[in-house]
4 protein chains.
Amino acid sequence: MDTPYAPLAPDWQVQQWFNTSTPPTLASLRGKVIVLESFQMLCPGCVSHGLPQALRVHAGFSRDQVAVIGLHTVFEHRDVMTPAALQAFLHEYRIPFPVGVDQPAPRGPIPLTMRAYAMQGTPTLTLIDRHGRVRQQFFGQVGDLELGARIGALLEEPWKDSGGDPATSGCTDEGCAVDSRRDTE
Amino acid sequence: MDTPYAPLAPDWQVQQWFNTSTPPTLASLRGKVIVLESFQMLCPGCVSHGLPQALRVHAGFSRDQVAVIGLHTVFEHRDVMTPAALQAFLHEYRIPFPVGVDQPAPRGPIPLTMRAYAMQGTPTLTLIDRHGRVRQQFFGQVGDLELGARIGALLEEPWKDSGGDPATSGCTDEGCAVDSRRDTE
Amino acid sequence: MDTPYAPLAPDWQVQQWFNTSTPPTLASLRGKVIVLESFQMLCPGCVSHGLPQALRVHAGFSRDQVAVIGLHTVFEHRDVMTPAALQAFLHEYRIPFPVGVDQPAPRGPIPLTMRAYAMQGTPTLTLIDRHGRVRQQFFGQVGDLELGARIGALLEEPWKDSGGDPATSGCTDEGCAVDSRRDTE
Amino acid sequence: MDTPYAPLAPDWQVQQWFNTSTPPTLASLRGKVIVLESFQMLCPGCVSHGLPQALRVHAGFSRDQVAVIGLHTVFEHRDVMTPAALQAFLHEYRIPFPVGVDQPAPRGPIPLTMRAYAMQGTPTLTLIDRHGRVRQQFFGQVGDLELGARIGALLEEPWKDSGGDPATSGCTDEGCAVDSRRDTE
């Protein structure tokens, strides 16, 4: 099956990371399928569905194959969903994977990464392939069966680290993707 | 079935109420069975079990018969589980019943009402009968069937508003209860 | 709370009992609250909801207080929901309480006990009080909280074994109930 | 990712099919991923987990890509789990996909297809790839995430209908598989 053209994932703009000493980047995760779980700690659907599913992905796949990354995309109640509150939340809910705090925008409630990915709300699960391209984005709930199928398919795609940098050129063997990061500049 | 002796429920010491314009008191609720749901907004067991159960009780019984009261008994992460954060939480989780913020103690992490009721942690569900006496207290999870049976039994107990004030005397037709509030003074 | 008038429960007309050496009767269970769970082994709602709930009741209350009785009220697919098939079903699903096979009617698909209780289908849960009177009947699903409350209330009702036979007279301290069994003769 | 060697799936030996006018065969399904759900109608784990999961697969993937096939592999209580009883079961549980009744063995309780696939019990889910090879077999429960990932990966594998018959030769572009059907002759 040919891989469709897909835009390169915008870089994450994070003001603070938890659960990691080394801030993860798209470049450092090249070669892995990335499950980006965007949430707000006071969003009921995130707590009851999105984060438990992200934990199942984290537990169910090899860390060498799939990287689960959390992103705290606060766009409401910002005064109480602070990084300090998030830290307590991550501790109480025993979230083990890296979680970044999305950088607030100079103006408006939508933080920068959330805006760059055109997320509609929380929870949002973004699937990024081994080449760093956004392949699918789910807003709200997606079933485990469908999500598993998509991850399984992405893992099956051919991947050769060519030495070149697809993030720069936006090109792979299958074609050239629009670099959406340029678009936002 | 004779009603066992039971201690009068200590009065609630609350610094702020949400979802009510009139602070509820034990005296004002005399004649109703009270389900007191003590929780912390960042406690996973409270969010996944205690509060949904309290919502089912709130929806399943007549307001004339059963009063559901929430109590935010913060004993950890106090800097982030503020009244303002609780307000956002109650909004996002659509909690409709009155919720009080337990009064922090001058010393130590356990707030005053939590201490007076000798709660072991959160969630804690306290059943208070029509005469204002603590009849049962569950720490952790209690099943709906068992909780329903206890509420149903309490609703079935004879209740005559004698005009006197059992809260003062600690006495009812069935006997006299120790006034635990004196104990804590 | 005064006990409302309620009809005496019709006797069970059972062709075969499982899980008991002594066929239970309403008379032999006088003094206990009875939860009568009527089901069909190929009824999805019975398997997913009714029987699991009956198991929870069986496990959650004292056998001295509450008796759980199953009734296999087959009104469709009678050729395959035979007593032999039921026996295999009860074994595989580890149903521990007594289960009777409702006596087929000479004419029509509705078996005799199901007809006497005017059940609308399966699952049906019938609550019978300590005096042998039908107090409530639920067709379809009833929540644990509501069911628990009803059982708890019935357990709280005064019960004195007067030596007389309320099943004969239809009368108790609270009044006289219509003997619905006469109605069906 | 190279496709591992995998044995060709043994042909199904079925005495009767339900929910289909044309008995499905491995040959007729070549080109699709097959989810073979083996169950017994009185097996609790099949009813609560295996069949609902098979229904989710049936609903969640294109019929052109994934074929869900049920197999009633009765190895106990055979006198009551008859084809007629199965028919009533399939009707009540609204199972829409084809279900075959595994052919009883001349001797012993294990039916022929169950034996040929070396199944350990029920439920068993067997994944068969587009080339008709058994790629994975789960006894008991498998999570939706893991199952989805396996199906997604199988769907992603290259598939060219070469016109030849890989079922005869046991060979594909990736290699040659042992024909397990010969083994059982």
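A:L127 stands opposite A:Q136 in β6(A). The two strands involved are β5 (residues 124-128) and β6 (residues 134-139) of chain A, which pair in the antiparallel sense over 5 bridges. Strands count as paired here if DSSP finds at least two bridges between them. Strands (E, at least two residues) and helices (H or I, at least four) are DSSP runs, numbered from the N terminus. β5(A) and β6(A) form a hairpin, with 5 residues between them. In the turn, A:G132 has a positive phi of about 85°.

This is a predicted model, in which local features need pLDDT of at least 70 and side-chain atom pairs count only at pLDDT 80 or more, while totals for chains, interfaces and linings use all residues. Residues are numbered from 1 along each chain as its sequence is written, chains are lettered from A in the order in which they are written, and side-chain values use heavy atoms, with hydrogens and water left out.

Chain A meets chain B. Contact (heavy atoms within 4.5 Å) links 15 residues of chain B with 16 residues of chain A. The area buried between them is about 1300 Å², and carbon and sulfur atoms give 69% of it. Buried area is the accessible area (1.4 Å probe) that two parts lose on being put together, summed over both. B:L42, B:E92 and B:Y93 supply 41% of the area that chain B buries against chain A, more than any other three residues.

On the side of chain B that touches chain A, the elements giving two or more residues are α1 (44-60) and α2 (83-92) of chain B. α2(B) gives the most, with 6 residues.

Chain A also meets chain D. Here 14 residues of chain A are in contact with 14 residues of chain D. The two chains bury about 1300 Å² between them, 69% of it on carbon and sulfur atoms. The salt bridge count between chain A and chain D is 0. On the side of chain A that touches chain D, α1 (44-60) and α4 (144-156) of chain A each give two or more residues. α4(A) provides the largest share, 9 residues.

Aromatic rings remain. A:F39, A:F89 and A:Y93 form one aromatic cluster. Over all chains, a search of the whole structure finds 12 aromatic pairs. Rings of Phe, Tyr and Trp (its six-membered ring) pair if their centres lie within 6.5 Å.

Note on methods. Rings of Phe, Tyr and Trp (its six-membered ring) pair if their centres lie within 6.5 Å; planes under 30 degrees apart count as stacked, over 60 as edge-to-face and the rest as tilted. A salt bridge is a side-chain nitrogen of Lys or Arg within 4 Å of a carboxyl oxygen of Asp or Glu.
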